[in-house]
Amino acid sequence: MNDYYDLRLKEYRLSRLKELGGFTFEHVDIEDRQTLSEVFERYPICYVVNLAARAGVRASIVDPYVYLSTNTLGSLNLLDLMNRHGVKKYVMASTSSLYAGVPMPFLETADVRKPLSPYASSKLGAETMAYSYHHLHGLEVSVLRYFTVYGPAGRPDMSPFRFTEWVNRGEAICLYGDGEQTRDFTYIDDIALGTIAATEKCAGYEIYNIGGGNQPISINTMIGEIEKHTRKKAQIDYQPQNNADMQDTSANIDKAIKKLQWSPKVHPLDGLERTVNWHLENQGWLADVRL
Ligand SMILES: NC(=O)c1ccc[n+]([C@@H]2O[C@H](COP(=O)([O-])OP(=O)(O)OC[C@H]3O[C@@H](n4cnc5c(N)ncnc54)[C@H](O)[C@@H]3O)[C@@H](O)[C@H]2O)c1
């Protein structure tokens, strides 16, 4: 619940989870080892699914320290407490950003030792630390390399949210590069199902690509879809491409298909329609969210 972006989005999602029932929220910073350890004492824990992170690629250039302390050190706190409390199964969110410079479609076995941003570096640190705990203490680990997640109530620093809002508000889209860069967009429901499958099948130390899988679309295509569903014309303010950004991403998901029996069900064009519709339905309170 930090204020990296508008808290109303986090409260919105949290209220949806609470409505489902069977869910308890503990407001804890994973960097705060003491309070985290009290959570481990309070509950019988079967799995840890660690999605907590500083997640912006560009923001990580501005403040790399918080990326290391949350993404790497915070993950270590979880691993260490798991080990002390005999919790064996760990699922962690990692990122397609690790595949910079690797031939596409990206395979989990690729050499990812040249991350382009402190964000990607911090996630590589978290992945390798999890491997050490697997090797030394027998923790079972599923590392999930998510590919450009989007959907209703998404992150306002990511293009599907910002671009939809800019078009909706009649403001110019701030576009880095020419828009021909492509992303293997993955709809939030598919990410959730992939995460559940990897939790249920968590064994050994395995890395999985959880991505669209050979159906990347360009940013310009995404803008066209937003125009279509909002029925508004986008104005574009072109800015130079950031050198921490990748040109293209594309996931090889054969391993997830084979071992997790998971593959994405929502095509990006359908997912974008659902996402834009959510924006239109919620435009009242979204109107002043900082982009
Ligand atoms: N969205 C994507 O496209 C994408 C792609 C690849 C990987 N991921 C990873 O998926 C996970 C979820 O990302 P998201 O896009 O939902 O981002 P998000 O920022 O919405 O979610 C991360 C959450 O972690 C919380 N958090 C940050 N620091 C914390 C700390 N010290 N202690 C406890 N909680 C803390 C934040 O408040 C936030 O609610 C992250 O690990 C991210 O790196 C996301």
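Predicted model: local features only at pLDDT ≥ 70, side-chain atom pairs only at ≥ 80, totals over all residues.
The backbone comes first. Most residues other than glycine have a negative phi, and most peptide bonds are trans. Against that background, a few places stand out. The peptide bond running from Met104 to Pro105 is cis, and its omega is near -10°. Pro105 itself sits in the loop that connects β2 (89-95) with α5 (118-137).

For Ala153 the angle is about 55°, and for Arg231 it is near 60°. Both are loop residues: Ala153 is found between β4 (149-150) and α6 (159-169), while Arg231 lies between α8 (219-230) and β10 (236-239). Their surroundings are another matter. Ala153 has a relative accessible area of 8%, so it counts as buried, whereas Arg231 reaches 77% and is therefore exposed.

Now for the charges. Side chains of opposite charge can pair when their charged atoms come close, and the structure holds 14 salt bridges. One of them pairs Arg8 with Asp288, with 3.0 Å between the closest N and O atoms. This pair ties together distant parts of the chain, as Arg8 belongs to helix α1 and Asp288 to the segment after α11 (283-286), 280 residues apart. Arg8 is partly exposed at 31% relative accessibility, and Asp288 is exposed at 54%.

Another bridge brings Arg33 and Asp80 together, at 3.4 Å from N to O. Here too, distant parts of the chain are linked: Arg33 is in helix α2 and Asp80 in helix α4 (residues 64-85), 47 residues apart. Arg33 is partly exposed, with a relative accessible area of 33%. Asp80, on the other hand, comes out at 14%, which is under the 20% cut-off, so it counts as buried.

A further salt bridge joins Lys233 to Glu227, their closest N and O atoms being 3.3 Å apart. At 67% relative accessibility, Lys233 is exposed. Some bridges also share partners, and in this way Asp6, Arg8 and Asp288 are joined into one network.

Notes: Residues numbered from 1 in each chain as written. Heavy atoms only, no water. Helix = DSSP H or I, 4+ residues; strand = E, 2+ residues; numbered from the N terminus. Buried < 20%, exposed > 50% of the residue type's maximum accessible area, 1.4 Å probe, protein only. Salt bridge = Lys/Arg side-chain N within 4 Å of Asp/Glu carboxyl O.
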